[in-house]
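Here is a short note to read beside the model. Keep the view open and check each point as you go.

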Amino acid sequence: MAGDSTLAAVVVNYRSSALLEANIGPLSTSAVRLVIVDNYSDDLERHRLRVLASHWDCTLVELPTNAGFAAGVNAGVRAATEQGCEQFLLLNPDARVSVTTIEELQRQSCRDPLALISPQLLDPAGRVVFSGSLLDLRDGRIRRWPTEAGAMEPTAHLVPWLTAACLVVTHELWERVGGFAEEYFMYWEDVDFNYRCLAAGARLRLRTDLSATHEQGGTQGMRRGRAKSGLYYHFNCRNRLLFGIRHLNRRALVRWILLTPQVSWEILLQGGRRQFLHSPARVWSAATGAVSGLVRACVALRRRDHLILLRKRSI
């Protein structure tokens, strides 16, 4: 292992070896420990990752199947922990961040071990694409963070969160909350993680004086215009309700269920209306995701009601 830092950059790969070489490769010559987790896609991609890992002298974690982003991150953090790392930089293959920025993020993490820390994310043209987000607990909508404040505090209904595309977390905080919830597979695992961290007494710190470049959707291949992938629509519509099952009371979850058709349509419209001319299957992706989430939510409600009934009978 070339790196001697207590910080490890954990990157999950799925058919993204070209992005890794372009964006993550420069970190291999720094003191940052580099851990790459390969969610298996095919033998050729696995071979490419082995060649890169050998060239970079980094740690390669080979998963036997595509276990999803959350499971990949958990596997990478476990590997980094075994190497004695105390901070973890969760980084997407389509994100590029300078060593100088990483060092500053690590310094703040050492000063504030119970904090999630992220730089501002820019697109390749220099436009801000992520500067914090909010989850509205009243309806399950994701909203923009309205200010540029470095400290992001929750309110009664609005919960801030930072994307896992470029996020620093300490081993202490990671162990306190138990890592990512793997049932999400992809999308919303970082919303859930932020929520649990806040509940455990953590703080969110957005460093608007620091930046990373993120080519949003770069890991999902070419698409027309604003259109997003079918996976994006499916899992965002589904996982919104998985979050509700995990964290909401009955009344709030019922409200999220009733609003699901409207919110799912809004998620679909993030890719614009012109996508329907070229990719009508995107509607099906969103619909199947929403239905999957609704089925799970309704089953969860029935189980809760059954448990309440059993408790009443036992009294």
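1. Start with Phe180. This residue is buried, with a relative accessible area of 4%. Buried means under 20% relative accessible area, exposed means over 50%, and partly exposed lies in between, with a 1.4 Å probe and protein chains only.

2. A word on the source. This is a predicted model, in which local features need pLDDT of at least 70 and side-chain atom pairs count only at pLDDT 80 or more, while totals for chains, interfaces and linings use all residues. Residues are numbered from 1 along each chain as its sequence is written, and side-chain values use heavy atoms, leaving out hydrogens and water.

3. Now the overall picture. The protein chain has ten helices and 13 strands. Both are DSSP runs numbered from the N terminus: helices are H or I with at least four residues, strands are E with at least two. Of the chain's 315 residues, 54% count as buried. Take the contacts (heavy atoms within 4.5 Å) between residues at least 6 apart in sequence: 75% of them join residues at least 24 apart.

4. Next, the rings. A pair of aromatic rings is described by the distance of the centres and the angle of the planes. Here rings of Phe, Tyr and Trp (its six-membered ring) pair if their centres lie within 6.5 Å; planes under 30 degrees apart are stacked, over 60 edge-to-face, and the rest tilted. That rule gives 13 aromatic pairs. One of them is the tilted pair of Phe69 and Phe180, at 6.3 Å centre to centre and 45° between the planes. Which parts does this pair tie together? Phe69 lies in helix 3 (residues 69-82) and Phe180 in the loop between helix 5 (171-177) and helix 6 (189-199), so the link joins parts that are 111 residues apart in sequence.

5. Trp174 and Phe193 also pair. Their ring centres are 5.2 Å apart and their planes meet at 50°, so this pair is tilted. Trp174 belongs to helix 5 and Phe193 to helix 6, so the pair ties together parts 19 residues apart in sequence. Are these two residues buried or exposed? Trp174 is buried at 5% relative accessible area, and Phe193 is buried at 0%.

6. Look for a charge over a ring. The charged end of Lys228 sits over the ring of Tyr232, 5.0 Å from its centre. The test is that NZ of Lys or CZ of Arg is within 6 Å of the ring centre and within 35 degrees of the ring normal.

7. Helix 4 (residues 99-111) has 13 residues. Its first and last C-alpha are 19 Å apart, close to the expected 18 Å. The expected span is 1.5 Å times one less than the number of residues. Among its buried residues are Thr101, Leu105 and Ser109. What covers the buried residues of helix 4? The cover includes strand 1 (7-13), strand 4 (87-91), strand 6 (115-122), strand 12 (166-170) and strand 13 (203-214).

8. Thr59 and Val61 make the covered one; Leu60 and Glu62 make the uncovered one. Strand 3 runs parallel to strand 2 (33-38), joined by four bridges. Two strands pair if DSSP finds at least two bridges between them. Glu62 is the bridge partner of Asp38. With helix 2 (residues 43-56), strands 2 and 3 make a right-handed β-α-β unit. Right-handed means that, with the strands pointing away from the viewer, the path from the first strand over the helix to the second runs clockwise.

9. Compare strand 8 (residues 133-136). Both of its faces are covered: Ser133 and Leu135 are buried on one side, Leu134 and Asp136 on the other. Strand 8 pairs antiparallel with strand 9 (141-144) over four bridges, and also with strand 11 (158-161) over four bridges. Asp136 stands opposite Arg141 in strand 9 and opposite Leu158 in strand 11. Strands 8 and 9 form a hairpin with four residues between them, and Gly140 in the turn has a positive phi of about 80°.

10. Last, check two backbone angles. Most residues other than glycine have a negative phi. Arg15, not a glycine, has a positive phi of about 55°. Arg15 lies in the loop between strand 1 and helix 1 (17-24) and is partly exposed at 49% relative accessibility. Trp188 has a positive phi of about 75°. Trp188 lies in the loop between helix 5 and helix 6 and is buried at 5%.
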